[in-house]
Amino acid sequence: MSSAVSPVEIPTTAAAHACRDVPTAEPGDTVAAVLARIRGHLFASVAVVVICEEQRLVGLLTIENLLAAQDDYTMAQVMDPDPPMVVGDEDQERAVWEALRHNEPGLAVIDADHHWVGVIPPQRLLSVLLEEHDEDVARLSGYLASTAGARSASTESVALRLWHRLPWLLVGLIGSMLAAGLVDAFQSQLERQVLLAFFIPAIVYLADAVGTQTEALVIRGLSVGVGIKRILWREAVTGLLIGAIVAAVAYPITLLFWHDAAVSLSVSLSLLAACSVAAAVAMVLPWSFSKLGIDPAFGSGPLATVIQDLISIFVYLTVSAVVVG
């Protein structure tokens, strides 16, 4: 009978998904003896065999490796002595990623004294991944913060739909008004060279796309314990390189179709700057939210989009004012 901790009691921890109804063995048990104990018994999961010594976890053995081993081998000879494991109060998402990082079908859960608590079986790992995916998608859209809410969003009332979505749309409205003010400040420049206005949507879109990609990586990294220092350098360089490549491609294309070297140069330089800045904003905003104790996912989606759009428009119009005049 499974002794998994009720997810109602501890809904977001590794211990909430731990199950003890799995095959167990001691280091000195032979493969033949363990197989004999497994046959004829129905377990909640047989993906891994747990090897314990005086209730302390010492290793795991996948069922595939158990079946492939010779009958006279002991568990100590064939087990993984350094299996993926987490303490029971670890967040469920970090626990799942620990299992995936080790490419194991199950994850051992232990207590603070290294005593075995249970195993998170493959089916539970998949369920947690699905729950976290639903939650991340909802939060990235600035819609909801809970998995249950994300799953019920499609059937909730009109009043709740407005309550969940309207605040973020109002943030977008404020941002669009500020963007309109920015464009108005450069009105005389745009009137002199109307062609400049044609490229505003392209600059904004590409910067948003780069920022969205970076936000997803940063938020996922923060959620599974990857510090911003391990992400910062790689993403900053990646944003700069993406901007440079997009700028290099944009210049000849815009020049070919619109035959204005100054405008083409403005577009290219703006893409380089906007994409680089977007990557920086996409890293700083979620990190700042995390430091303030706020869910980093709320630093993405609508709020980050507004900030990136304003910066992209300002960069483009400023560069154009210098290059085109």
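**View 1. Serine 264, a buried residue of helix α12.** At 1% relative accessibility, serine 264 counts as buried, a class that covers residues under 20% relative accessible area, with exposed meaning over 50% and partly exposed in between (1.4 Å probe, protein chains only). The residue lies in helix α12 (residues 261-291), where helices are DSSP runs of H or I with at least four residues, numbered from the N terminus. Its side chain reaches the backbone nitrogen of leucine 255 at 3.1 Å. Leaving aside residues up to four places away in sequence, serine 264 touches Tyr251, Thr254 and Leu255, contact being heavy atoms within 4.5 Å. The model is predicted, so local features need pLDDT of at least 70 and side-chain atom pairs count only at pLDDT 80 or more, whereas totals for chains, interfaces and linings use all residues. Residues are numbered from 1 along each chain as its sequence is written, and side-chain values use heavy atoms, with hydrogens and water left out.

**View 2. A nonpolar patch on the surface.** Val194, Phe198, Leu241, Ile245, Val249, Ile253, Leu256, Phe257 and Trp258 together present about 940 Å² of accessible area. Helix α11 (residues 228-258) gives the most to this patch, with 7 residues. Valine 194, by contrast, is found in the loop between α8 (187-192) and α9 (195-198), and its 46% relative accessibility makes it partly exposed.

View 3. A search of the whole structure finds 0 disulfides, a disulfide being a pair of cysteine sulfur atoms within 2.5 Å.

Methods. Patch = residues over 30% accessible without salt bridge, like charges linked within 9 Å, V, L, I, M, F, W, Y side chains within 5 Å. Areas by Shrake-Rupley, 256 points an atom, 1.4 Å probe, with all protein chains shown as cover. Salt bridge = Lys/Arg side-chain N within 4 Å of Asp/Glu carboxyl O. Helix = DSSP H or I, 4+ residues; strand = E, 2+ residues; numbered from the N terminus. Polar contact = N/O pair within 3.5 Å; in protein donor to acceptor, adjacent residues only side chain to side chain.
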